[in-house]
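Here is a short briefing on one protein chain. It covers confidence, core packing, ring contacts and backbone angles.

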Amino acid sequence: NELQQVEGITAQAVYSSATEAASVGGDFYDLIRLPDHRACVIMGDVSGKGVEAASVSAAVKTALGAYAWEGLTPARMVRALNEFLLGFSRLETFATLFVGLIDLAEGTIRYCSAGHPPALMVSADARQISALDVQSGVVGAFHDIAYQDGLAQLAGGDVLLLYTDGTTEARDEHGAFFGEDGLREAVMRESADG
């Protein structure tokens with residue numbers, strides 16, 4: 001899907017299916033422009049495949065957009081989504097997701113990572129990479145899961161990389177996983193070249 005334009009943020013998205021036959025699935029992402037120089041960034045992965053996973057991911061994305069406009073913190077958004085999914089889905093469906101509220105005036109991102117691979121932050125000078133590693137449990141599996149917010153500082157030119165587990169689980173021609181180390185090395189190599 002097309003990302004919204006947010007003044008002060010340059011955003012790009014790539015969706016690449018692991019198989020040519022998979023035209024729909026459970027992965028989703030969004031960038032939502034909010035008032036007062038703020039934005040909400042979302043990435044998630046609904047369990048399952050095909051149309052069923054895609055329909056749940058559409059509902060999840062829509063609900064998160066509404067929660068963002070209500071002004072909820074990311075952890076409260078995810079908590080509300082957890083209850084929604086537990087009541088919505090007749091099937092055993094769960095999701096991993098990252099929800100981040102970017103405040104450009106304060107230079108911060110408040111986020112909740114619910115069972116999702118940790119987002120990576122690359123400094124503007126491409127010398128430092130760090131993981132946004134405050135983690136919570138998956139969404140839609142159990143009632144009474146405690147979700148928590150993490151907070152990170154942002155500076156002009158910093159890069160935030162969100163990805164699904166399909167990235168790190170990709171294999172080379174010898175069957176070796178790309179892995180988190182491979183992802184970090186590739187990100188630092190590409191960041192150095194702009």
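pLDDT is the predictor's confidence in each residue, from 0 to 100. This is a predicted model. In the protein chain, the mean pLDDT is 89. Confidence is highest in E4, at 98, and lowest in helix H3 (residues 165–168), at a mean of 77.

**Confidence**
- A pLDDT of 70 or more is reached by 94% of the residues in the protein chain.
- Where pLDDT is low, the predicted coordinates should not be read in detail.

**Nonpolar cores**
- The largest nonpolar core has 27 residues. Cys40 and Leu64 have the most contacts inside it.
- Six elements each supply at least two residues of this core: strands E1 (27–34), E2 (38–46), E3 (95–103) and E4 (108–114), plus helices H1 (50–70) and H2 (74–88).
- Helix H1 gives the most to this core, with 7 residues.
- Leu64 touches Phe28, Ile42, Met77, Leu81, Leu97 and Val99, leaving aside residues up to four places away in sequence.
- A second, separate core has 16 residues. Among them are Tyr29, Leu31, Ile109 and Leu132.

**Aromatic rings**
- The count of aromatic pairs comes to 1.
- The ring centres of Phe98 and Tyr111 are 5.6 Å apart and the planes meet at 15 degrees, so the pair is stacked. Planes under 30 degrees apart count as stacked.
- This pair links distant parts of the chain. Phe98 is in strand E3 and Tyr111 is in strand E4, 13 residues apart.
- Phe98 has 0% relative accessibility, so it counts as buried. Tyr111 is also buried, with a relative accessible area of 2%. The cut-off for buried is under 20%.
- The charged end of Arg171 sits over the ring of Phe177. The distance to the ring centre is 3.9 Å.

**Positive phi outside glycine**
- Asp36 is not a glycine, yet its phi is positive, at about 60 degrees.
- Asp36 lies in the loop between E1 and E2. Its relative accessible area is 61%, so Asp36 is exposed.
- Asp144 is another residue other than glycine with a positive phi, near 65 degrees.
- Asp144 lies in the loop between strand E7 (135–136) and strand E8 (150–153). At 78% relative accessibility, Asp144 counts as exposed. The cut-off for exposed is over 50%.

Definitions and conventions: Residues are numbered from 1 along each chain as its sequence is written. This is a predicted model: local features need pLDDT of at least 70, side-chain atom pairs count only at pLDDT 80 or more; totals for chains, interfaces and linings use all residues. Side-chain values use heavy atoms; hydrogens and water are left out. A nonpolar core is a set of buried Ala, Val, Leu, Ile, Met, Phe, Trp, Tyr and Cys residues joined through side-chain atoms within 4.5 Å. Buried means under 20% relative accessible area, exposed over 50%, partly exposed in between (1.4 Å probe, protein chains only). Helices (H or I, at least four residues) and strands (E, at least two) are DSSP runs, numbered from the N terminus. Contact means heavy atoms within 4.5 Å. Rings of Phe, Tyr and Trp (its six-membered ring) pair if their centres lie within 6.5 Å; planes under 30 degrees apart count as stacked, over 60 as edge-to-face and the rest as tilted. A charge sits over a ring if NZ of Lys or CZ of Arg is within 6 Å of the ring centre and within 35 degrees of the ring normal.
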